[in-house]
Amino acid sequence: MSSDEPTHAPIAAALADAIGEAQVRTDAHLAKRLSQQATPIVVATPRNPAAAARVLRLAADHGWSVLPCGAGTHLEAGPVLKPVDVVIQSTNLNQVVEYSPADMVVTVQSGMPLSKLRHVLAEHNQMLPMDAPCTPAATVGGAVSAGLSGPHRVLYGTFRDLLIGTRIILADGRMVRTGGKVVKNVAGYDVTKLVVGSRGSLGFLTECTFKLKPLPLHRELCLLVGKSAQVDWVRARVMDSPLLPSAMEATNDAALIQAFISSRLGTDGPAAEWLLAIDCHENRQAAAYQTEQVLLLAADLGMHAEVIRGQDVERFWARHAKTWLQPGSVLRVQAPPTDMMSILNEWTQFAHERHVAATVTASLPAGVGRIGLWAGTVDEQVELLQELRARARQRGAASLLETAPKTVRSVVPMYDSPRLGTAERRLQAAVQRAFQSGGSHFPDTFAGGMTS
């Protein structure tokens, strides 16, 4: 090999011999997207778990760094990486392994697109209730590894609640299983939960087993418009009642409010400062009762309220998700539900003072909120994010930089929490070393404990 031969060439050749030329390519654009490295990254897309194991064994033997990846739709998250030798993608692992509708359990390969899985499950009136903002190409394994969640976590929980088993290939090529294929399968520590939010730092995820939920019989969505104090009062009353909302999302998204509310208010209607969306996945009678109670609460406070049903509910949540797919910086916060509205108010006020366009949303009962910055220079966004994070920390809240341009991520740390001290970080590092013992190096992309 000549001295001026690109360093990626021998890696690509070795992997092509191991898994076939059709499953190996080089990608200069991906290299710049991940780490601004000049050398193209070698991308391996094995067609089966055995081929994936060969990739990792080869990488371990040669000391190559390896980044596990799905479809690459969520790479604008996590720290800016050091140069990576190999990206191993799961997109060719995209089949249903086992599906038992009667048991409401499905096992799928990690490269299956979430959109395809939804279609398969819908044929049996079932669903995997994961509604975090994702593009249609986003894979099951990518969403699990990113620890994504959406508004309906209020009723259904997150991936930590739905994922009951995995199959992972460790850094040295060993295949291991966690959990199982039945709902009650854990005695002792549940290793499966470590995978959620691990961002590929523990191994290459090849299979996921989920417990499923039935599709809703009926959907009614109450949309309440009002002031911050009114929204928080409704949250407290609903959480202290027998009502069972599937989602309770507060947002100041002006475009969303205008699309579903403002046209009905008229020029003399109340100011649309906050929108509170309370969804219900129940039978018609139960949904009607919840709607009645929510409307009574709104009337007591003088809030404007609308009720939408059926496909209009789907349109609302699709429009809500669209906001969080646009390019920008998104900071996620996890705090007690009683503090969430005050944090959102403080965030929006601070962004307004800095003349930076910002949208906030929060799953109030879960205590998980987001702020999206869609404008401003890099320096302005960095300054604002650091201040927002500092203010969250003062309230004892953890924060995660969920997505941001590489120029922002190179300055702003991914994760911050007043509860994550030296002992917790040592434990996290020990877990990663245990998974990677004797194998190739997976970049440190772990969020540090915040996976919901």
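Which residues does Val-234 touch, not counting residues up to four places away in sequence?

1. In this predicted model, Val-234 is in contact with Leu-224, Leu-276, Ile-278, Leu-297, Leu-301 and Met-303, with residues up to four places away in sequence left out of the count.

2. Val-234 also belongs to the largest nonpolar core, which holds 41 residues. Together with Leu-224, Val-231, Leu-276, Ile-278, Trp-347 and Leu-364, Val-234 is among the residues that touch the most other members. Helix α13 (residues 337-353) supplies the largest share of this core, namely seven residues. Domain 3 (220-322) and domain 4 (323-416) each contribute at least three residues to the core.

3. As general background, nonpolar side chains in soluble globular proteins tend to be buried together.

4. The axes of helix α9 (residues 228-239) and helix α13 come within 10 Å and cross at roughly 165 degrees. Because angles over 145 degrees count as roughly antiparallel, α9 is described as roughly antiparallel to α13. The crossing of α9 past α13 is right-handed.

5. The contact between these two helices can be followed residue by residue. From α9, Ser-228, Val-231, Asp-232, Arg-235 and Met-239 meet Pro-337, Thr-338, Met-341 and Asn-345 of α13. Val-231 is also one of the core residues named in point 2.

6. Ser-145 lies in helix α5 (residues 140-146). Its relative accessibility is 14%, so Ser-145 counts as buried, the cut-off being under 20%. Leaving aside residues up to four places away in sequence, Ser-145 touches Val-195, Gly-197, Ser-198, Arg-199, Gly-200 and Leu-205.

Technical notes:
Residues numbered from 1 in each chain as written. Predicted model: local features only at pLDDT ≥ 70, side-chain atom pairs only at ≥ 80, totals over all residues. Heavy atoms only, no water. Helix = DSSP H or I, 4+ residues; strand = E, 2+ residues; numbered from the N terminus. Buried < 20%, exposed > 50% of the residue type's maximum accessible area, 1.4 Å probe, protein only. Contact = heavy atoms within 4.5 Å. Core = buried A, V, L, I, M, F, W, Y, C linked by side-chain atoms within 4.5 Å. Domains from an automatic or database assignment. Axes fitted to C-alpha atoms, helices over the stretch in contact; angles between N-to-C directions. Parallel < 35°, antiparallel > 145°, perpendicular 65-115°, else oblique. Left-handed = near helix turned anticlockwise from the far one by under 90°.
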